[in-house]
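Open the structure in your viewer and keep the sequence beside it, ready to select residues by number. The tour goes from one selection to the next and says what is found at each stop.

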Amino acid sequence: MGEQIGRRRFLVTATAAGAAVMAGPGFGEQASAAGSAPGGALAAGVSGGWADWFARPGAVVRPKVRWWWPDGLVDPAEIRCEVDQLAAAGFGGAEIAAVHHSIEDKSVLDPVGHGWGSAAWVVGVEAALDQAERQGLTIDLTIGPSWPAAVPTITPDHEAAVKELQYGVVQVVAGGSYSGPPPEPVNASDAVPKLLKVAAWRLNPAYSSSDAVGFDIDSYVEVAVTDGSVSWTSPADGTWLLFAFWERGSGQQPESGPHTSPESYVVDHFSAAGARAVIDYWERQLLTPTTRRLLRKSGGALFEDSIELETSGLNWTPALPEEFARRRGYDVWPYLPAIVRNDEAEVFQSEAVVTRHVRHDYWLTVSDLFAERHFSALTKWAHSLGLEFRCQPYGLETDSISAAAIVDIPEGESLGFRNLDDYRALAGGRDLGGRKVLSCEAGAYQGGAYGTTWKKLLLTLGGAYAAGLNQTVLHGFSYASAPGAEWPRFAAFTPYDGRQGYSESWGPRQPTWRHVPAVTGYLGRIHQVLQTGTSRIDVAAFRQKGYTKTGIGVGWFTASGVPVGWTHQMVSAPLLDLDRAVVRDGRLAPDGPSYKVLFVEGDRFAGNEATLPVETARKLLSFARAELAVVFLGSGWSAATVPGVGESAVLREVLAELFAEPRVRVVAELTQVPVALAELGVSPDVSHPTSTLLNHHRVEHGDDYYYLVNGKHAESVKPPVATIDHDVTFTRSQRNAVPFRLDPWTGAVAQIGEYVEDGDRVTIRITLKPGEATIIAFRPGRRGERPAAPQRASDAGAALAPIPLESWQLDVESYLPGPTPTETIIHRHRVSLDALAPWSAIPGLEDVSGVGRYTTAVDLDTTTARLDLGEVFDTAQVTVNGHRLPPVNLLNPVVDLTGHLRRGRNTIQVEVATTLLNRLRVTQPTVYSGPRQNYGLLGPVHLIPR
């Protein structure tokens, strides 16, 4: 294992004193005794400043919770208690949200005296802010009651209220006449409609389909309205469609109201008036001097949930026709039948390409207004309060990628996002916008209330972190009580329509809560690393439409590139105009995310049509001339079109110049993409055999951090995920950097013992169980000398056979309803087990939920061993000879007992905590049904001496 050509193999060993000294900029800590590296080679542990930074993440990077209140029906003393509970469990903050879907009779909530924004609500918020400051936590507030953003100071007909465009239509035969009022809207409403225009188009069956009626755009005729009446005779050349277009308030209210008195209505998200209504209400009604002072000190954020603007017509705002003409360069009215909707479906269409393109221009205009008049306005206002603006900037056919570059903290959601590419879309906006955090509403599962495990949550989040996520807001933590709530306390989303609702109401009501600090520490360490420095991403994939929450991936890279190490993000046209979007040294956005190649494919939301805006094509030409690699996929680029209504000749001229550049390739088939990348000399930062390994790379001051997880990715991986055990090659920023393993469960940092160097590439063996994650860091450090007889840790322990642990005493604390919905009674059981079995199979424990302590004793001739717990449901904590050990990795529950064992008799205790589902199946069988969960320590459990 001596030097090879350009390649060197290293094994790090402990010094004679059992420690190795690490050296380098900002690094001078003493290492602890040798431990186990990811590949099994001997390694040196690390302690001190850098290691402590990783081991003890601060509150700012720790996970947050969505804290559900029954509006203002809260007790300040209980609020303070719950802040303390969150702090003790290791959370970094909470978002106060008025959510109470489980309460069918909303009148019990007293919206007059205790609604959202009431004096009682303000007092509760101030108590939360004050106690959070004492505990070092942050508090975020939603900008309205529930979602979407709404205020009680407007009515459906107010200028600031959300609007829709409705149409009415009648057919008029060739040469026929129509006299009477303008056709009424196809959907009735109590709102007062405003007539905008009456016009007619010739019906054209050639353009009709089973879903839509065809018409001729060129036949557009405006029709006069006199004294509220229409009198019109159609031309004699076919059947005509006479339309009346009406603007009216949609009357949409926030979810599960009423939350206020008077009732709140959703604001217009595309007008300055809508944002101003939100701001004015806060400034005049909610921001008392105390609240304002506490908010500024909190360092928190204002939050808006996903933009679910529901309408029976077309999303609209009064200024849209004027803004459309100004931004798109033509009048929208002749095309309007192709855009209007009935219950979210288009019902009229003209020639296919023109129809597709005018709809693109309409939504592009809406997207522009959304960004400028809502996201930008609320972000600026939040800053004036000393806060940030966090938002889920999607829900409509608008550019959520570019919106993610505007708001301070874009957020996605694990429930609605269909795969990891949905996160990669928002991550592209975040990174090119120079933002740091991509948040996630994490862990909502339909029908999962009181049955969701922490392991399930971690399996959900593992891949999302590799896709760019670096903050989680858990869904959620319910306030203790509300009228009509049953044991085990008020829960915002269960029951839901009388059934088991959305998960989860975490908190002290849950048996697993005692083990939550291990989970919050794990997540906090991952956040700590993934918020450090800037992302390093291989590929920027251009999206003609900046949608997310679609599950639509990127050609070749999603299905074939990711499984061998490639990373990618999505970018949309507005991002390429940002300050960071420059090319230097062949990299786009060289200060992060430093893309190596820009990948352009057809519009995935329009039949893969080869289309680009002219200005985007010119931007790509300038990038290619600055030596950025650009790859186009598709066979139609020679006949490319602009995405909206307009002439495409200039676009094709620019593309012809672009395709002539030496750093540009155009390929027709997916299989040709890797060939083009190889020709351009572009390779990923991480490479490995095809597997389910996912990675995310960050760099700070030349130090590299690689987050690795064994998880399913995107659309292509159908079989179950298996254990990974293969070499992985990493790119490091500094030639003198050496690899370290950072354990997110325990916080331990150890220099990796065995690796192979080849210039700036380093190869390490990586072994990960399904869902398991680790972090590899490259920093300047000391290379060890090769020992005379190197051994892997696994080899060192092979001589001693594993010892099965089968007989246990099991002591169970069973959680039972108390005399009130907020009280829990503990009933104790003791069982002797000759073999492990789920509680559901143990007489007397079938319907028990709670905490079980498994105790056994074993005689040993060694003091070094690992404990493999096998299968555990749900969380666990190990104690050996009275010493509580570091957290159990829930995704690979193997615990190192070294340092706590003694020769002779040893006592091992495994504490296991469960969900509440099995007990609730008995106490509320009409809501919680289905099979029992298999609780407990299931094993097989082995002690593995070394």
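This is a predicted model: local features need pLDDT of at least 70, side-chain atom pairs count only at pLDDT 80 or more; totals for chains, interfaces and linings use all residues.

Residues are numbered from 1 along each chain as its sequence is written, and side-chain values use heavy atoms, with hydrogens and water left out.

Begin by selecting residues 614-625, helix α14, together with residues 649-659, helix α15, whose axes come within 9 Å and cross at roughly 10 degrees. Helices here are DSSP runs of H or I with at least four residues, numbered from the N terminus, and axes are lines fitted to C-alpha atoms over the stretch in contact, with angles from 0 to 180 degrees between N-to-C directions. Because angles under 35 degrees count as roughly parallel, α14 is roughly parallel to α15. Now show the side chains in contact (heavy atoms within 4.5 Å): among them are V614, L621 and R625 of α14, and V650, L655 and E657 of α15. By class, this contact of α14 with α15 has 10 nonpolar, no polar and three charged residues; Ala, Val, Leu, Ile, Met, Phe, Trp, Tyr, Cys and Pro count as nonpolar, Asp, Glu, Lys and Arg as charged, and the others, Gly among them, as polar.

Next, select residues 320-328, helix α7, and residues 352-384, helix α8, which pack at an angle of about 105 degrees with their axes 10 Å apart. These two helices are therefore roughly perpendicular to each other, a term that covers angles of 65 to 115 degrees. The contact of α7 with α8 has six nonpolar, one polar and seven charged residues.

Turn now to the salt bridges (a side-chain nitrogen of Lys or Arg within 4 Å of a carboxyl oxygen of Asp or Glu), of which the structure holds 56. Select D280 and R276, whose closest N and O atoms are 3.1 Å apart; being four residues apart in helix α5, they are separated by about one helical turn. Then move to R430 and D431, which form a salt bridge at 2.8 Å, and which are both buried (under 20% relative accessible area, 1.4 Å probe, protein chains only).

Finally, select R66, E95, D140, D305, R390, E411 and E441, which are linked in a network of salt bridges.

Definitions and conventions
Angles under 35 degrees count as roughly parallel, over 145 as roughly antiparallel, 65 to 115 as roughly perpendicular and the rest as oblique. Buried means under 20% relative accessible area, exposed over 50%, partly exposed in between (1.4 Å probe, protein chains only).
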